[in-house]
Amino acid sequence: MADTSLRTTDYRSFMSNVLTQLSDAISDSVRAAAASIVRVDGARRSAVSGIAWSEDLVVTAAHAIRHCEGIRIGGEDETSLAATLVAGDGGTDIALLRVERAALRPIRWSDRAPRTGELVVVSGRPGKSVRAAMGMISASAGDWRTFDGSRIDLYIDVDGSLPRGFSGGPLIDSTGGAIGMNTSRIVPGGTTIPHATVRRIVDELQRHGSVRRPLIGIGVYPVEDGLLVMSIKPDSSAARAGILVGDVVQAINGKNVRSQRDLNAVVQTLEIGAEIEIAITRGGEARTLRVTVGEG
C-alpha cells in the first residue's frame with residue numbers, strides 16, 4: 001500500500017513538473033515575439049494585429065485596412081504612431097504599412113518547417129496587450145491556390161478558429177519564431193500564410209507596388225468539352241490574340257482545362273511575356289492561337 005502511494009505521488013510530481021515546463025516554454029515563446037506584434041487601428045470594423053517586418057514596416061491583413069484612412073500602429077509601450085499603406089494584395093490578404101518615426105523590433109522568423117501535430121501559439125494584439133491561444137498544427141502540406149489563383153507556398157491548418165482581432169498576427173512555434181501570418185479572410189475559420197509567401201509578396205509590393213500575376217484576360221464558364229469564353233478583358237492578351245466570345249478553350253500548352261480551377265492552376269504557372277498556345281474550338285472547328293501572357 002505504501003509503495004503504491006509513493007508511486008502515485010512520484011507520478012503526480014513528475015506530471016506537475018512536465019506541465020510547468022510546458023507552460024513556461026509556451027509563455028516564453030509568446031514573450032519572445034510580443035515586442036514585434038503590433039495593434040493596427042483604423043481598420044474597417046475594429047483593431048486587428050500586425051507583425052513588425054523591419055524597423056519601419058509592418059505586415060498585416062489586407063482585408064482589414066484596404067482604402068482606410070488614419071491608420072495607426074500601437075505596441076508594447078502604448079504609444080500610437082501614424083502609418084500609411086504602402087500596398088496590399090487581396091489574393092494573399094497581405095498588406096504592407098510604413099510607420100512614421102518608428103523603431104520597431106522586427107520579428108524573428110522560424111527556420112523550422114512546421115510539422116503536423118506540433119504545438120503552436122496563435123497570437124495577436126487586438127487591444128493594448130498581446131493575446132495568445134494555444135493550438136496544434138493539424139495539417140502541413142504542399143503549396144496550394146486561393147480562390148483567385150494566388151499561390152500559397154505551404155498549406156498550414158491549425159485546429160480551432162482564429163480569434164477575433166488576431167488577423168495579421170503571427171503563428172508562433174515553440175522557439176518563439178514566427179511561422180507565418182494569420183488571416184481569417186481566405187479560409188473559413190482562418191489559416192496561416194507561411195513566411196515564404198509573406199516574404200515573396202512583401203518583395204513584390206516594395207518593388208512594384210502590387211503583385212504581378214500572369215493574365216490572359218478571359219472570363220469562362222465550364223461546358224461539356226472545355227471552357228466557354230463569356231467575356232474578354234479589353235486590350236488583354238486574349239483580345240490581341242483574336243480570341244472571341246463564344247470560343248471554347250480546350251487546352252493551354254497541351255494541358256486540358258475543364259474548370260475555372262484548372263484554368264487558374266495553368267495560368268499561374270506561366271511566365272509574364274511568354275508565348276503560349278491555346279487550343280480552342282470555334283463553330284465546331286479546332287484552332288490553335290498563339291498568345292503572349294500579360295500581367296494583372
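**Close-up views of the predicted model**

**View A. Gly-124 pairs with Arg-131.** Gly-124 has Arg-131 as its bridge partner in S8. The model is predicted, so local features require pLDDT of at least 70 and side-chain atom pairs pLDDT 80 or more, while totals for chains, interfaces and linings use all residues. Numbering starts from 1 along each chain as its sequence is written, and side-chain values use heavy atoms, without hydrogens or water. Strands S7 (residues 119-124) and S8 (residues 131-141) run antiparallel, joined by six bridges. Strands are DSSP runs of E with at least two residues, helices are runs of H or I with at least four, and both are numbered from the N terminus. Two strands count as paired when DSSP finds at least two bridges between them.

**View B. An open sheet of six strands.** The order is S11-S8-S7-S12-S13-S14, with antiparallel pairing. S11 (155-158) and S14 (191-194) are the edge strands; each has a single partner, so one side of each lacks a neighbour in the sheet. On average, neighbouring strands here are turned by 45 degrees against each other, direction ignored. Axes are lines fitted to C-alpha atoms, for helices over the stretch in contact, and angles run from 0 to 180 degrees between N-to-C directions. Helix H3 (residues 195-208) lies across S13 (178-183) and S14, at about 60 degrees to S14.

**View C. A closed barrel of six strands.** The barrel runs S1-S2-S3-S6-S5-S4, and its pairing is antiparallel. Its neighbouring strands are turned by 40 degrees on average, direction ignored. Five bridges pair S3 with S6. Ala-61 has Ile-94 as its bridge partner in S6. H3 lies across S3, S5 (80-89) and S6, running at about 60 degrees to S6.

**View D. The largest nonpolar core.** This core has 25 residues; Trp-53, Val-59 and Val-198 have the most contacts inside it. Helix H1 (2-34), S3 (57-61), S6 (94-99), S13 and H3 each give two or more residues. H3 gives the most, with four. Such a core is a set of buried Ala, Val, Leu, Ile, Met, Phe, Trp, Tyr and Cys residues joined through side-chain atoms within 4.5 Å. Residues up to four places away in sequence aside, Val-59 touches Gly-50, Ile-51, Trp-53, Ala-95, Leu-96, Gly-168, Val-198 and Val-202. Contact means heavy atoms within 4.5 Å. Another core, of 20 residues, lies apart from this one and includes Ile-218, Leu-227, Ile-243 and Ile-280.

**View E. Glu-118 is buried.** Its relative accessibility is 7%. Buried means under 20% relative accessible area, exposed over 50%, and partly exposed in between (1.4 Å probe, protein chains only). Glu-118 sits in the loop between S6 and S7. Beyond neighbours within four places in sequence, Glu-118 is in contact with Arg-112, Ala-113, Gly-135, Met-136, Ile-137, Asp-173 and Ser-174.

**View F. The buried face of helix H5.** Leu-263, Asn-264, Val-266 and Val-267 are buried in H5 (residues 260-267). Seen down the helix axis, the buried residues of H5 fall within an arc of 165 degrees, so they line one face. The arc is taken from the directions from the helix axis to the C-beta atoms. These buried residues pack against S15 (214-215), S16 (218-223), S17 (226-232), S18 (248-252) and S19 (255-256).

**View G. The S20 and S21 hairpin.** Two residues separate S20 from S21, and Gly-283 in the turn has a positive phi of about 60 degrees. Eight bridges join S20 (residues 275-282) to S21 (residues 285-292), which run antiparallel. Ile-280 stands opposite Arg-287 in S21. S20 also joins S18, antiparallel, over four bridges. Ala-251 has Ala-279 as its bridge partner in S20.
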